[in-house]
Each structure stands twice: as C-alpha cells, then as structure tokens.
Amino acid sequence: MRAAVEAGHTVALATSAGVRDEVGPELAAEVEFLAVGAMPMEFSEDAARRTGADPFHPGPELIGEIFGGSRVDLGGDETISLGREWAPDLIVAEMFDAIGPMVAADLGIPWYQVGIGPATPAVITEIERAAASRYRDAGLDSVEPLGYIDPCPPQLQDPEWSSRVAVLSLRTQAHRRPRDMAFEVPAFADPAKPTVLVTLGTIFSDPDVLDTTVGAMAGHEVNVIATVGSSMRNPAAGDDGSRPSRRPDGVEVHFVPFVPLGQLLDRADLVVGAGGSGTVLGALAHGLPMVLWPQGADQPINAARAAAAGAAITVDSGDEIFPAVRRALGEGTFRDRAQAAAAENEARPSPADVIKEITQGPIAG
C-alpha cells in the first residue's frame, strides 16, 4: 500500500471497523480506511459453532469454513456493495481472503493474490471450496488472479508447491510504520550479551506461554526483550497486570507493549517465538536465527519450513526451549542460513517494483 501511494495511485484498505484503531497508525496517511465486514474473532467463532472445531487449532477444512464461509456470509454482500461505490481498478487480496476476489468478479476487474508466508495449497483449496457456493448465491463466476505475489524466500517455500498462475517475487520486510514508533527500552547492564527477542505475535500471546518462554532463558548469558501487547486471543495480555510473574534468575528482561516488529528486530541476535508468518519472514529478512514453539493456526507450517531451511529450531514444549536457545546461539550454522536467506531476499524485487509490474509492465527477477 505504501509503495502504491508513493507511485501516485489512490489506495484503500477494506477491513473490519473494529481494527481501525490498531491498523490506522500502520497506514500511510493517504490510504483510505474502508470499514466493512466482521471482526476475525466473530467469523472464526461463527465457523467454530457451525463445525464444532477449535478455531485456535484449525485444520484445513475449518480454515476453509472460516475464510471462505463465515467471513463471506458476514461481510461479503456489504463489501461487494462498497466495491461498487468505491470503484477500484485493481484489487490485491491476501491468500486467505475470499471476499476481495468476489469484488473483482462483480466489477469485472483484475486482481492479484498475495502470500503471507509459505504457500498452503490444501488450505486454499478448502477456502475456494467453501466460497464456491457463495459465488453461486451471488450470481458470480470465480476469476483466477492475474498472478501470485510471493514474499516467501525460496528457502522457506514448500518445495512441492507450484502455482497455477504467474508468480511475482517480492522482497519481504519486517513490519514497520511509515514513521518509527517512539519507545524506550532501558539500557541493559551488560550490553555485550546477546539479545533475545521473545514475541508470540498478535493471536497467541498467552501470558502463561510467555511466562514459560521467558523463564526458559534462565541460565543463559543473554539479555531479553519480550513483547506483551496486542493479543487477539487474550485481549488483556498487554495490560500491566498480565505481565509474566516469574523472571528468570540472572537474566535481565525488559517487557515492551506492541511495537512494530522491524524496530525490535534491529536490536536482536535471536528470535524466540511461536512461528507466525510475520515473525518468521521478518526474522529471516534481518538474517536472524529462531527458536519456534508453535501454538496453532499456520505456525507449525511456518516453523517446519524455517527449520527445514536450517534457520530455526522447532520445539514442542517449553522444556525444550533452553537447550534450543543454547544451540541457536552457539552453533553458527543457524545464523549463516538465516543470513543467506536475508541476502537472497535483498536481491528480490521491491514493493515499488511489484507495484510497477502489476500496474504498468514487467520487472526483472
């Protein structure tokens, strides 16, 4: 969106009204916020009621119902009407979004799909399956995207995946705001120690899991920055009262509320997290090794691919974090693989290149 604005295009983001306060500071001032559709927890819980499945540990079928079924039912018609009013010339929809492609079909305009991590063909098939009846009900025919915009470095991508449409490589970037957010982390008493960033993302930031993860740093000669803010599953996770009660002996820990990931990665030597796509792609873009304890959703896939790339160690319990951190910091191969991914990523087309490609003409790479 930022690159499109800088190229002189008129840009809007269509998403739930309930995230306006969180999303607004992340957008360029020129991006119009179009409030439409249900909140993620609303359509996820609706799908869970329909299927009886756990929305925090979904399989492909439930994910299909969440994004291709419930989300469309609770916001599709409204978004199509808004699309007719706003009248875009081009739509870019992320890989789990079934509504953007419906708007494109209704308006007869081109659209591109953009990945958010390793491709998940089984999941996308289920989303398309669930959305098919919604296309029929709306009197629409589904239309293939003109291309798939892929921010996933080849080391992380599923080697068995092949796209049925043209793939446009995109240089991945850790999330930053248009202007860096002002925040203070007190100076560590011994800044020469490696800094470990502990972050569980915006969905699974459970205080107990965070407590266990930070506690696993005990006995390591490290400094720790740990994020506690912005959890969809636990809305109070960023409150002062929910900060972990146990601090590891001998380790200096500074807790911070939500801060754009790119600013935190600038200070880190190792990332310990749950394996969300933003964390994994951002850490690789910075050339940082990872220790990943997946909690649900697509995190096991992301973590497995990062481990297969040699840039991460995946653990199944909090007890496994301590030895994994020792290996990740002590064995240089993990950092070497992460830095190789970062170097390859840096050579990929920038967001500005991709905007030019999808609005004007071809790019190299």
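Proline 191 sits in the loop between β6 (167–169) and β7 (195–199), where strands (E, at least two residues) and helices (H or I, at least four) are DSSP runs numbered from the N terminus. With a relative accessible area of 64%, proline 191 is exposed; exposed means over 50%, buried under 20% and partly exposed in between, for a 1.4 Å probe and protein chains only. From proline 191 to alanine 53 the C-alpha distance is 46 Å, across 138 residues of sequence.

The model is predicted, so that local features need pLDDT of at least 70 and side-chain atom pairs count only at pLDDT 80 or more, while totals for chains, interfaces and linings use all residues. Residues are numbered from 1 along each chain as its sequence is written, and side-chain values use heavy atoms, with hydrogens and water left out.

Threonine 279, a residue of helix α10 (residues 277–285), counts as buried because its relative accessibility is 9%. Apart from neighbours within four places in sequence, threonine 279 is in contact with Thr199, Leu261, Val271 and Met290, contact being heavy atoms within 4.5 Å.

In helix α12 (residues 321–330) the buried residues are Ile321, Ala324, Val325 and Ala328. Viewed down the axis of α12, these fall within an arc of 100°, so they line one face of the helix; the arc is that of the directions from the helix axis to the C-beta atoms. Arg326 and Gly330 are exposed on the face of α12 turned away from its buried side. The cover over the buried residues of α12 includes α8 (207–215), β10 (270–273), β11 (290–292), β12 (312–314) and α13 (332–346).

The second largest pocket holds about 580 Å³ of space. Among the 27 residues lining this pocket, Gln113, Ile124, Glu128, Glu144 and Arg164 are the closest to its centre. A pocket is an open set of points on a 1 Å grid over the protein atoms alone, where a 1.4 Å probe fits, with protein on both sides within 12 Å along at least five of seven lines, and lining residues have an atom within 4 Å of a point. The volume is the space filled by probe spheres set on the points, which are joined across faces, edges and corners. α7 (121–138) and β4 (111–114) each supply at least two lining residues, and α7 gives the most, with eight.

| Class in the lining | Number |
|---|---|
| nonpolar (Ala, Val, Leu, Ile, Met, Phe, Trp, Tyr, Cys, Pro) | 17 residues |
| polar (the others, Gly among them) | six residues |
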